[in-house]
Amino acid sequence: MCMAACILLLAGLAAREALAQVRGSAVGFAAGTTGGGSAKPQYPSTLAELESWLSDSTPRVIMISQTWDFTNHQGMTTEKCCQNSCQPNGQFWIMDTCDAAWVSCTYANAARNPIQVGSNKSVVGVGSSGYIKGRGLRVINNASNVIIQNIHFTGLNSQYVWGGDAITLDGADKVWIDHCKFSLIGRQMIVSGWGAAGHVTISNNEFDGTTPYSASCNGQHYWVLLLLGLKDYYTFVGNYVHNVSGRAPHMGTDYTKSEIIFHGVNNYFKNVGGHAFDIDVNTYVLLEGNYFDNADTPITSASLTKSSLYSVVTVDDASGCTSNLGYICEWNRLSNSGSFPSSRSSEALSKLSAHKSSLVGHYGVADVPKSVVANAGIGKI
Ligand SMILES: *[C@@H]1O[C@H](CO)[C@@H](O)[C@H](O)[C@H]1NC(C)=O
Ligand SMILES: *[C@@H]1O[C@H](CO)[C@@H](O)[C@H](O)[C@H]1NC(C)=O
Ligand SMILES: *[C@@H]1O[C@H](CO)[C@@H](O)[C@H](O)[C@H]1NC(C)=O
């Protein structure tokens, strides 16, 4: 007999089911991404089960309600790594060649072997308890329709460059990465290439570069976002990018015939002891309503000559959007930061205007710090 206890238990389960879904829906280029849709939410019970649910071809809603720690799951490698110049706590390199001193290093294998994610998946953190530690995810081999929401990715060999990437998109489409947090990652927090990343929305995430193992010797992570996919459409909105020193993001490459279309709006960049945007060729970029606070180099000077960039600084830049996009763009704002010149590429606007329905609206840039800090990262939805 268990009357009261069972009723409580059932009520608890019902509450868990009610919470157990993706919240909201993607705006921008990944709009329409449904992930596992209305599949019954499932809670994995082992690392192996989590991996198999992520990788198989069944549509699934996978709930992450605890820390899944893969650190010791595939053993360790001890070999020699290349020291860097920052002592004692630089980020050393897992590499075959070294022009500094070799040192012995031990790293976890799992972090360098991400879990493959199949099509039609939602992987969703519960409250603020969803952690995937020691291993990343990769959406590859033409997988599509994937939602990754409210999960903290952390602990991927952060002391080593090439220690592991958190999320890889390579031959993907329709991916929504929302309200996640990234910290203590060895290599990139998000990386795409050489295949297409497709239509991607990166929204309301916290990229926390605070690290004792910095490649730039300043307590900040250098390898934040590297976007090199073949044919990519990114909406980058509402993200909190802080205590980072580079590639935040880097996009574009001349290695492939890639084409990257990028709308960056209402993001908050704080404490950048290096550069935020570094934009190479084959890119069509609109930056509006972003707030740079204590950012040494909001955008590298090479970006201005290599990319097709529309960045909004003056009143004329803002109203210059109107003829192509049908609205007045929001200006980017700087506080205690390096320069962020205006740039008015008509190629950028005309590429973006071909995707008008995928452009997300902005709010006033003055509200960005407060609003983004309150909303970005895990446990906020
Ligand atoms: C994903 O869902 C779509 C739409 O229901 C379906 O056409 C496709 O075959 C699914 N993909 C896989 C790998 O199950
Ligand atoms: C992905 O799709 C393209 C186009 O349909 C196809 O040529 C390619 O072989 C696919 N790649 C994989 C890994 O399935
Ligand atoms: C982030 O950087 C700022 C400025 O360098 C520093 O004051 C702050 O302590 C850093 N935050 C963390 C969590 O280390």
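**View 1. Asn-243 meets ligand 3.** A polar side-chain atom of Asn-243 sits 2.3 Å from an oxygen atom of ligand 3; a polar contact here is a pair of N or O atoms within 3.5 Å, and within protein one atom must be able to donate a hydrogen and the other to accept it, with residues adjacent in sequence counting only if both atoms are side-chain atoms. Taken alone, ligand 3 exposes 360 Å², and the protein buries 38% of that (areas come from the Shrake-Rupley method with a 1.4 Å probe; for residues, only the protein chains shown count as cover).

A quick note on what you're looking at: this is a predicted model, where local features need pLDDT of at least 70, side-chain atom pairs count only at pLDDT 80 or more, and totals for chains, interfaces and linings use all residues. Residues are numbered from 1 along each chain as its sequence is written, chains are lettered from A and ligands numbered from 1 in the order in which they are written, and side-chain values use heavy atoms, with hydrogens and water left out.

**View 2. Ligand 1 and its neighbours.** Ser-57, Ser-119 and Asn-120 surround ligand 1. Asn-120 has a side-chain N or O atom 2.3 Å from an oxygen atom of the ligand, while Ser-57 uses a backbone N or O atom, 3.4 Å from an oxygen atom of ligand 1. On its own ligand 1 has 360 Å² of accessible area, and the protein covers 31% of it.

**View 3. One face of helix 2.** Which residues of helix 2 are buried? In this helix (residues 47-55), they are Leu-47, Leu-50, Trp-53 and Leu-54. Buried means under 20% relative accessible area, exposed over 50%, and partly exposed in between (1.4 Å probe, protein chains only); helices (H or I, at least four residues) and strands (E, at least two) are DSSP runs, numbered from the N terminus. Look down the axis of helix 2 and its buried residues fall within an arc of 135 degrees, so they line one face of the helix (the arc is that of the directions from the helix axis to the C-beta atoms). Their cover includes strand 2 (60-64), strand 8 (121-125) and strand 10 (137-149).

**View 4. Helix 7, two sides.** Val-368, Pro-369 and Val-372 are the buried residues of helix 7 (residues 368-375). They span an arc of only 90 degrees around the axis, which puts them on the same side of helix 7. Lys-370 and Ala-374 are exposed on the other side. The buried residues pack against strand 20 (240-244), strand 23 (268-279) and strand 25 (291-299), where contact means heavy atoms within 4.5 Å. Just after the helix, Gly-377 takes a positive phi of about 100 degrees.

**View 5. Gly-252, tucked into a loop.** Gly-252 is in the loop between strand 21 (250-251) and strand 22 (259-265). Is this glycine buried or exposed? Gly-252 is buried, at a relative accessible area of 1%. Leaving aside neighbours within four places in sequence, its contacts include Leu-227, Ile-260 and Val-281.

**View 6. Ser-343 in strand 28.** Ser-343 belongs to strand 28 (residues 343-344) and counts as buried at 13% relative accessibility. A polar atom of its side chain lies 2.8 Å from the backbone oxygen of Leu-309.

Technical notes:
Near = heavy atom within 4 Å.
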